[in-house]
Amino acid sequence: MGIPVLTYHSAYVSGDDYERNDHVAFYHDLRLVHRLGLRVVSLDVMVERIRAGVSDLSGCVAFTMDDGTNFDYYDLPHPAWGTQRSMLNIMKDFVAEFGIGAQPGLHATSFVIASPDARDELDRTCLIGRDWYTDEWWVEAIASGLMGIANHSWDHNHSSLETVAQRNQEKGTFLNIDSYTDADAQIRRASDFLAARTGNRASPLFAYPFGDVSDYLARSYLPDHVAEHGLRAAFATRESSTRHHDSIWALPRLVCRDDWRSMDELAAILAAMQARS
């Protein structure tokens, strides 16, 4: 049966309303999910159920955040739109308002970019150069019980970076990560870094940057080299619910603003998923 995985980008703040601010969207979507009687589960729990062959995953929702900026963990002062409540604190506010029993499995997985140099450069080129792409919060986020830290690659093969791990410097897509050398540099190296930074407490999950799934990664590198990279599943982005018969190395997610732009649109998507379950 289906389970929707909902994805947000906490660095997306271009206004103070639902459609232009993923913090606002996440605040309201969390409450929508609760009103609809759906249960929030961690991505780790969902993956283990799928791997165990559990067929009935209806009635559940998992939350994820991409890129791992400090907006996931800290309240930060946006220069145009004021202080933004962090994704973690939005969940803490929900618990304070409704009680821990309302959603006992409340959790979100932050897929982070591993490379300190890449994060530092992205902080200057994609944010505003205030050191908002750090990793000192990762251990504390895990310890909160509300957030996991997982692999979003070494450097995202991001077009804003001067140099990336891709062998030919072909940036802006993960479809170019199509050799063992590139895959290991982007995925296994990131897993090793996250393990060292978190004391082996990072979630063994991977999210494809850009949502791009190359055949080589999904059909060869990820399934054939588990002993090296240590991952349990990988997630793409497309408008579909995660199902137990999907490839464990290309599970789908829905992305805020790409797949829905209002609570009404999300409610319709969730209702359709439940109807198909």
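A polar contact is a pair of N or O atoms within 3.5 Å, where, within protein, one atom must be able to donate a hydrogen and the other to accept it, and where residues adjacent in sequence count only if both atoms are side-chain atoms. The structure above is a predicted model, in which local features need pLDDT of at least 70 and side-chain atom pairs count only at pLDDT 80 or more, while totals for chains, interfaces and linings use all residues. Residues are numbered from 1 along each chain as its sequence is written, and side-chain values use heavy atoms, with hydrogens and water left out.

Asparagine 70 lies in the loop between strand 3 (60–67) and strand 4 (76–78), strands being DSSP runs of E with at least two residues and helices runs of H or I with at least four, numbered from the N terminus. Its side chain reaches the backbone nitrogen of threonine 134 at 2.9 Å, and the side chain of asparagine 70 also reaches the backbone oxygen of aspartate 131 at 3.5 Å. Asparagine 70 counts as buried because its relative accessibility is 3%, and buried means under 20% relative accessible area (1.4 Å probe, protein chains only).

Elsewhere, two helices meet. The axes of helix 1 (residues 22–35) and helix 9 (residues 263–276) come within 11 Å and cross at roughly 40°, the axes being lines fitted to C-alpha atoms over the stretch in contact, with angles from 0 to 180 degrees between N-to-C directions. Contact (heavy atoms within 4.5 Å) is made by His28, Asp29, Leu32, Val33 and Arg35 of helix 1 and by Met263, Leu266, Ala267 and Leu270 of helix 9.

Notes. Buried means under 20% relative accessible area, exposed over 50%, partly exposed in between (1.4 Å probe, protein chains only).
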